[in-house]
Structures are given as structure tokens and as C-alpha cells.
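I am keeping these notes as I look through a structure, beginning with the place where two chains touch. I write down each term's cut-off when I first need it.

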Amino acid sequence: MNAGTRTKHMASLRRNLLGMLTEIAFACGLIGAAFLVSWLFFVGR
Amino acid sequence: MKRLCVVLTIMALAALIVVPVSANAEQPPVLSTNELVENSYKWDGETVSFKGEVLQDLMVRTDGTWMNLSDGNNTAMGVFVPKDVTMPAILRTEDYRTVGDVVLITGVFHRVCVQHEGETDIHATSVTIVTPGSTKSNPIHLDRVVLFVALVGLLVLVLWLYYRKPTDRTRH
Amino acid sequence: MVRRVWREDFRIIGYYTGLVTIGVGLLMLVPMVTSLVFREWASALDFAISAALTLLVGYVLALVSHTKNTPGLTHAMVIAAGSWLVAMVLSGVPYLLSGHAASFLDACFDTMSGYTTTGLFLLQDLDHISQGLNMWRHLLTYVGGQGIVVLALTFLIGSTGGAFKIMVGEGKEEKLEPNVRHIAILIWRISLIYLGVGTVVLGVIAMANGIKPYLALFHGAYIFMSAWSTGGFAPYSQNMLYYHSSAMEIASMVFFILGSFNFALHYAVWSGNRREILRNVEIVSFTITVLTTFSLVCLALMQRGVYPNAVALFRRGFFQLISGHTTTGQSNIYAQTFVLEWGPLGMLATTIAMAIGASAASTGGGFKGLRMGIIVKGIATDIRKLLSPERAVVTGHYHHLHDNILSDGVVKGAAVIVVLYVLIYVVGAVVGMAYGYPMVNALFESVSAGSNTGLSCGITQASMPTLLKIVYILEMWMGRLEFLSVFTMFGFIATSFRSMRLRKVVA
């Protein structure tokens, strides 16, 4: 594997990792939004 | 005079009956998981007893220990033993080769425990080992070994038939 | 217009089904090794027997039907449907040998539930099974989620056009790239990376919560496989209640939410198109329906005063709801609690969430977010057409990986499948009610089976009526394969009978 393919490989892995983090961030965001909903139900009671 | 004796005797007998009954009433009833969960409102906050086999993982946390007690076919209850409650040494917990200690606990049942964010649990106030655990035998049956050997024999034959050189195989 | 069936068709189907069976047999070596590691000798022998038997059946099938022809679309659909049945039966052998299956049908129920990533179970005394058997249960959901077929593809077949058609038969219709082997490899890469990360994360949480390190790793693997595959099994009868850990539950939630996403979406996001996650019609639909059904759940729980504070309401209420909506089936409350404390509205809101389900081309079930999005937008477009002047051209669009036109055909296709799902949900509910179960319960359990969720309100037990077991097995199977494959298989069988009669008459 020469330097060119290695950089391509690293770039691809970096893209993969960022993608994974984006997905996890979305899931956490949804969970947070749901917590907000349950909190609002209690506050509004 | 005779009537007085009869009345006193009856009162004494009544006392003999009532006193043991009230003493028994102090022993919290031993309930099953199903009874507790199906009548959770009734037992919420009550002191109950629970008996079960300690499942594999005793989870020691900062404020106490969690144990899961199995009391039937696919029924088990989570029991939290706070740090200040004396817990006997649980020598055996359940796994494939071990029957876990059977433990009797008394404690407060919570329908939705506030401390544990809505969990259905019992906070134990006393823990005693009723039946110590033992080893399970799980014997290997000879007929299964024979079956295995026979299957492997057949498999080897079929593998040979399948992987032998193409010229021997009939093709369409 | 039905085609004749020739002997060669049987050979193709037999051969590829045989290959899949061989894959299943090899898979059984994993629980066998697990049992050896834990010194569960009798259990290891049971798996050795099962593996030998399954490999034998697979190789005999492949040997007898050996062919160099590649499968056409019809073959692929029959193979996809048929393999599930063969795998279901053979995978039940370890259950039977363990003594924890009350009957052969119960064993089949559990394996069908595993492969379809449902999560309902009839296993007796789950709290006392071997690590090997637990590994097997969770592995079934992981593999089932990936599709038995992709497994066979990766290890046994070269890259051919036939393989793509088998995947289409599986119900995962995303046309990602022409080379099927490439798709399979990518799906496996994403899944294996998450498997590694997930097992470690959940394992560390388990350890921090007091589970011994070597056991914690297995718990991490089990719960991850259960979550990612949206299966819903757990190593103990208390399901997630066993762990008494909010960290465990939240981590699992993250993984099963991600597991419910479309593989095409994972591919897009992992390839750099990160904005897709906010624009995709399925994600938008999912977010809306999750928050709406959760609000309904909160309404029901607040009205009945079930939980004392927001944290408890969120932890119990949302976990159950999102587990249902992603069609996972993990739970941190008892089944009786769900029925008796949550009540009818809470149960119904969860039922609706399950019915809608996860994303298309994912491990989840239900109508699928894509169809919900398409149908809702279809209705909106129709309304716009009604309100517009006659000569105006109104076209609807939906964003899924790229902008797509909302044609009548697309809307119709989505609606037809939704109707079929509703049909199996209702039939299952009616059969349940015919046996005396209350409507809300019968509907809940039926939708749980048909959407491959696996939450139970208590109906699923070894003592339940045999016919109901069979109905749920059929629901799980049809729901997972999204009907097409199953219909093709029955059509194929019917045609082959007709062909045989024709041949006899001619001869």
C-alpha cells in the first residue's frame, strides 16, 4: 500500500467515524427531546 | 361460682388462641413475584417477605447491593439490600453448574421506587439464607454421545461425496 | 399467467437452501465454543449434535440438488422464504436437547422469533439456561437481523447476480450499488464495528454496575446483539430490569434506535452524506411519530398517576415506547405492570407505535417509516391537487437519499403493504379474542408479533392455545419478509402441484 492509498484509506475511515458519531448524536438528541416531553408533562400538571 | 369458672376458662382459651394469632400477624407474608406484580397497588409500601434463588450476578453499588431472586418459571424480583442492612455471605449464585443459595428476605415492596426511578423492587430490611446452594450434575448421556458419533460419521461420508473431484459427479 | 415448474427449479432452490443451511450449521459452533469456555459440557455436546445434524442436512440438500445455474427472481424469493423455515426447525434442536422447550412447536416459535428479531419467547425457565444457549438465542437475532441470506452470501457464494435477487427476496429492496458482494461487505462492516463498540461500551457499563468482568463482556455482547438487531431478547426473564441500571438502558436505547435505521441511511451517513440524517423522510417520520405516540403514553400515564416524577415517567415510559416503536422489545417493566398500571390508552399508544415500526431495509418491522412518509405526503399531494386549478400540474416529492417523485404507483405500493400488515395484525387479534383474551391485549400481542417487536402483555406463554402459537409464528414470518417472498413461495408450491398433474395427464 503506497502513501496515496493510505491517505485515501484514512480519509475513508475518518468519514466513517464522523458518520457514526453523527448517528449517535442524533439518537441522543431524540432521547433528550423525549426527556423534555416527559418533563413538560410534569411541569404542566 | 360454676358459671364464673366456665367464663374464666373460655376467656383463657380465647386468650390462648388470640395471642399466637397476633404474633403470627407480625410475620410479613411470603409472596411470589406474580402476586406482588399483579397486585402492586395493594402491596405498595407494605412490608413483605420474599424467597428465591440468588441469580448469577450480585451487583455491589455505592449505596447497597442488588440481587435478583428467582422464584419460579420465568419469574424473578429485584431486591435492593441497602448498605446498612447486614447481608450474610452469599457463597453460591446460580449458573449452569450451580444451584444458587435460596434466600429469604423481608423488606418494603415498592410499586414504583422513587429512589430507583420507577422500578418495581423490594428494599430488604433483613436477609437470611434458607437453603445453601449446591452443584448441579448436568450429566452427559451416553446415547447422545452415540448419536453425535453417528452424525459425524454420516457427515464425513456426505462431505467426501460433495467435495470429491468433478469428474465423479453426475452433472446436468 | 403462471409459469410451469421444472425439475431444474427444484434443484436451484434446493441447492441454495442447502448452502444457507450449511451456514446455520457453522453458526452453531459459536454457542458450542461458548459452552466449552464455561465448562458446560452437556450443553456443548447438545450444540455439537445440532451442528452435525444441521451440516448433514445442508450438505445432503446441496449434494442432491447440485447445480451451476443461478437463481432467478422467483427462485430467490422461494429460497428466502424456504430457508427461514428450514433454519427455524433445525435451529430449534438445541432448545429441544436442552430440555427448556415444552414442545417442538415451542422450539420453532422461539427460533422463528429469534431469526425475525421479534423477541417473544416460550422458553421454559430462562433464568436457568446455559451460557451456550443464551449465546445461541442472541446470536439468532443478530444473524437474523443481517438476514440469513447475507450470511450465506458472504461465505458460500461468489458474487453473482443471483445473490442480489436473494437479497431483494429478503425484503431489503434498497438498490445501493450494482455489486451485491460489495453491499453485503459494507453491511457487515457497519454491523461489526458497532458490534465491537457496542459490546465494549455495554460491557464496561455492566462491569461498573457490579458484574464480574468476564461475565460483563458476555452481557455486553448479548444486550448489544439484542439491541442492534432490534430483537429484544435478554439473558434473564426480567429483561432489562435484571441490570437495575439507567446507563445500561440508555446505551441500549442508543443502539436499538440506530439499529432501526435503514441500512441505506447508514451507508449514506458513513460515506460522508451526514446531512441525510436530517432530511430523510424516514427519520422525519420516525421523529414525529415517536414524539407523538410518546406524548400519548405520557397523557395516559399522567391521567392514571402511575409515576411520581418526570425521571421515572421518562425512564419507564419512554424506554417501553421507543422499544416498541423501533420494534426492539426490550423492557424495564413487568408485563403485568404494563397491562394493569399503564392501562388501555397506554397500551394502545404503544400498539400504534409498534404497528408503524422502524425504517425500511433495517432489522425492524412494522409498516416502516418510509411508507408512513409516502402515504402522508401522498394524501397531502392529493389534497393539493383537489384545491389547485384543473390545469395545474401538482407533483409531490419525498427525500430518501435523494429527491424522489411521489408517483401514484409509489403511493399505491406503500398502501398495499400497509393494508397487508393491518390484515395480519387484525387476524391475529381476532384469533386472540376468539380464545377469550381482551381486545386491547389481543391486539397488542398480535401487533407485537406481526411487527416483530416482542413486547408481551402476558399472552405469550407455553400454555397459550396451539393455534395462536401458529398464528403468531406466521405473523412473525410474514411480517419480517414483508409478504412478497412468502406469497411467491406459496405460489411456487401451488404451481408445482399443477405442473405435476399436467405431466401425469400428458404421460
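I looked up the contact first, and I found that 43 residues of chain B and 48 residues of chain C take part in it, where two residues count as in contact if their C-beta atoms, placed from the backbone, lie within 7 Å. The model is predicted, and local features need pLDDT of at least 70, side-chain atom pairs count only at pLDDT 80 or more, while totals for chains, interfaces and linings use all residues. I number residues from 1 along each chain as its sequence is written, with chains lettered from A and ligands numbered from 1 in the order in which they are written.

I then turned to chain C as a whole, which has 22 helices and two strands. Of its 507 residues, 61% are buried, a term for residues with 20 or more other C-beta atoms within 10 Å of their own, whereas exposed means 12 or fewer and partly exposed lies in between, with C-beta atoms placed from the backbone.

Last, I looked at Arg279(C), which lies in helix H14 (residues 276-279) of chain C. Arg279(C) is partly exposed because 14 other C-beta atoms lie within 10 Å.

Key: Helices (H or I, at least four residues) and strands (E, at least two) are DSSP runs, numbered from the N terminus.
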